[in-house]
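I opened the model to look up its core, its pocket and its aromatic pairs. My notes follow in the order I made them.

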Amino acid sequence: MEKLRGFFLILVFLLTACTQDTVVPKEKEEEKNNENIVVTPDGKITFEIVNNIKVSPEKVETIKDEILTAYDDIQDSIHTDYVPSERINVYLNEGNEISWGLRSKILLYGTRQDHYPLVHELTHSLLGYGNNFEKSSGYGYFTPEGFATYMEEKYGKINSYSHQFVKSFIDINKLIPISNLIDPNQDDSYFRPDLTSQTGETLMMMSYIHSASFTKYLIDTYGLEKFEKIYNEKNVGKKIEEVYGKSISEIENDWIGFIKNSQEPTNKEKIKMMNYSYLSSSLIDQIDPKYFTKE
């Protein structure tokens with residue numbers, strides 16, 4: 001009788017364990033059915049669309065698909081030691097302010113106009129930025145912003161026409177020295193200037209375009225594997241010399257020579273470039289000449 005009783009206890013225990021394994025917690029079940037949730041196929045990251053501007057369910061579905069596609073594209077690019085957040089909220093916001101990609105959230109603007117830099121910001125969130133999104137000694141903006149802009153131009157909605165614009169900067173003698181853009185003592189003034197003035201926004205966009213064009217040149221010329229070794233590294237100028245076997249000045253001269261010999265923008269490209277009104281020569285001329293002088 002005692003053995004029979006023990007058998008039934010074991011049976012009850014096993015049945016209970018099996019039942020518990022198949023029960024999905026209520027909150028998980030609700031999240032699974034949430035139309036604003038998308039989980040990467042590898043199950044590593046959950047994205048939630050925070051629809052602050054009430055775009056249509058169809059638009060939300062489109063953005064979810066774009067997130068998964070961008071996730072794959074970024075995973076197939078370079079690799080870093082950074083471990084992204086397991087949950088990232090994507091906020092769809094009103095207006096045309098600057099979008100941001102942080103560790104656990106992405107703020108997107110321009111969604112209604114279908115002009116939002118999802119790939120750019122997701123690149124930041126997945127690959128890391130500075131010292132865990134805090135700028136500290138030695139870390140800079142050049143490679144993270146350059147690569148994110150490069151990825152957006154290649155896979156996203158926004159083409160920065162980086163090479164074409166740099167060619168136009170050269171033509172008007174307004175090229176920003178790369179040594180200035182990678183200098184941790186002055187890169188704030190280029191990548192994070194005062195945006196209350198049009199010239200501040202223009203300088204910032206010029207800095208992004210310089211970094212994107214230089215990044216694109218490095219990747220197209222030397223490959224992703226080498227660029228991976230300098231991405232988000234401290235003292236990037238020294239790191240570039242170690243990885244590429246040339247000084248930053250030598251590579252900069254090679255890049256400038258490549259841009260000068262590249263084809264002129266097509267009429268179609270020129271028309272699209274005209275939409276970047278904050279990069280007009282009249283606004284660029286208003287920027288203090290010191291920003292274009294090598295220090």
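**Tyr-217 and the aromatic pairs**

I looked up Tyr-217 and it counts as buried, because its relative accessibility is 8%; buried means under 20% relative accessible area, exposed over 50%, and partly exposed in between, with a 1.4 Å probe and protein chains only. Before going on I noted that this is a predicted model, in which local features need pLDDT of at least 70 and side-chain atom pairs count only at pLDDT 80 or more, while totals for chains, interfaces and linings use all residues. Residues are numbered from 1 along each chain as its sequence is written, and side-chain values use heavy atoms, with hydrogens and water left out.

I then listed the aromatic pairs and found 17 in the structure. Rings of Phe, Tyr and Trp (its six-membered ring) pair if their centres lie within 6.5 Å; planes under 30 degrees apart count as stacked, over 60 as edge-to-face and the rest as tilted. Phe-165 and Phe-169 are a stacked pair, because their planes stand at 25°, with 6.2 Å between the ring centres. These two lie 4 residues apart in helix α6 (residues 162–171), so about one helical turn separates them. Phe-165 and Phe-169 are both buried.

Tyr-217 pairs with Phe-258, and that pair is tilted, at 5.5 Å centre to centre and 45° between the planes. It links distant parts of the chain, since Tyr-217 is in helix α9 and Phe-258 in helix α12 (residues 248–260), 41 residues apart. Phe-258 counts as partly exposed, because its relative accessibility is 38%. I also noted one aromatic cluster, formed by Tyr-82, Tyr-129, Phe-133, Tyr-141, Phe-191 and Tyr-208.

**The chain and its core**

I counted 14 helices and 5 strands in the protein chain. Of its 295 residues, 45% are buried. Taking contact as heavy atoms within 4.5 Å, I found that 67% of the contacts with a separation of 6 or more are between residues 24 or more positions apart.

Which residues have the most contacts inside the largest nonpolar core? They are Phe-147, Phe-214, Phe-227 and Trp-255, in a core of 74 residues. Helix α9 (residues 198–222) supplies the largest share of this core, 10 residues. A nonpolar core here is a set of buried Ala, Val, Leu, Ile, Met, Phe, Trp, Tyr and Cys residues joined through side-chain atoms within 4.5 Å.

Leaving aside neighbours within four places in sequence, Phe-227 is in contact with Ile-78, Thr-143, Phe-147, Thr-215, Leu-218, Ile-219 and Tyr-244. Thr-215 sits in helix α9 and is buried, with a relative accessible area of 0%.

I next checked Ser-77, in the loop between α3 (57–75) and β3 (87–92). Ser-77 is buried at a relative accessible area of 10%. Not counting residues up to four places away in sequence, Ser-77 touches Leu-127, Phe-147, Met-151, Leu-224 and Glu-228.

I found helix α4 mostly covered, with 10 of its 10 residues buried; among them are His-120, Glu-121 and His-124.

I read the largest pocket as about 960 Å³ of space. Its lining has 37 residues, and those closest to the centre are Glu-97, Ile-98, Ser-99, Pro-117 and Met-205. A pocket is an open set of points on a 1 Å grid over the protein atoms alone, where a 1.4 Å probe fits, with protein on both sides within 12 Å along at least five of seven lines; lining residues have an atom within 4 Å of a point. Grid points are joined across faces, edges and corners, and the volume is the space filled by probe spheres set on the points.

Which helix gives the most to this lining? I found that α9 does, with 5 residues.
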